[in-house]
Amino acid sequence: MQWVRKLRGIGLLLGVSALFTLSTVPARAQTATSTADIIEKLAVEAEADLDVPALRQQAADRIKARADAQPQKRPPIAPQLTKLPQVRFDVVFDQDSSLIRPASYQTMGSIADALTDPKLRPYRYLIVDHVEAAGRRDHNLILSQRRADSVRDVLVNTFKVSPKRLLALGLGEEQLQDTNRPASPANARVQIIAIGKFEPAEPATPAAAPKGAAAAKKKR
């Protein structure tokens, strides 16, 4: 697998294994999803007109206003996200932290292999993190943004996915995945959502020389 070669190349595989062996924090069961499955689910044309900073602000404003106090009755912050091609993953973090546990690096590797496949390489993706409804809402919103940023950072810095193709959004407990069970671990999953074509910047082209100037140069 590509991700295994990348970890070996930067000397992380042994470190990851060692950390996993020494771990004393119980890890949540991982969701086994193959690279082929991820490609199949995300290789669908989609175009989303998203204002990610505005969505972050909308979630923060709702918490500040103490609106929709009951988790089961909160309307989603970004309902349009549910209609886009996506996959969901269990990514295990240290408790109350954005540090990704080593047990999740296989999952991260599968995601990276899929995102760098020729079928998905022309597209952009949004990484959305959620937190189950427990504790303070404002804290959960900040924590989920840090976790979404952490997933993006690992994909970019460890697995070399282009940073220009990835955005990160933390929604805390403001868009529950299982509204009937606000405290369920199902509400703490990470989504990778296809949001449209990646348009690389046009390479700079030198200005064409005037025809007269070119002719004069040939005569010299």
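Student: Which residues of α5 are buried?
Tutor: Y105, T107, M108, G109, S110, I111, A112, D113, A114 and L115 in α5 are buried, where buried means under 20% relative accessible area, exposed over 50% and partly exposed in between, with a 1.4 Å probe and protein chains only. That makes 10 of the 11 residues of helix α5, residues 105–115. Helices (H or I, at least four residues) and strands (E, at least two) are DSSP runs, numbered from the N terminus.

Student: Where do these numbers come from?
Tutor: This is a predicted model, in which local features need pLDDT of at least 70, side-chain atom pairs count only at pLDDT 80 or more, and totals for chains, interfaces and linings use all residues. Residues are numbered from 1 along each chain as its sequence is written, and side-chain values use heavy atoms, leaving out hydrogens and water.

Student: New topic: strands. Which strand is joined to β2 by seven bridges?
Tutor: Strand β4, residues 190–197, and it runs antiparallel to β2. Two strands pair if DSSP finds at least two bridges between them. One of the bridges links Y125 to A194 in β4.

Student: And how many bridges join β2 to β3?
Tutor: Five, and these two strands run parallel. L126 has L167 in β3 as its bridge partner.

Student: OK, loops. Where is R66?
Tutor: R66 sits in the loop between α4 (52–64) and β1 (86–89). R66 is not a glycine, yet its phi is positive, about 55 degrees.

Student: Is R66 buried or exposed?
Tutor: R66 counts as exposed because its relative accessibility is 73%.
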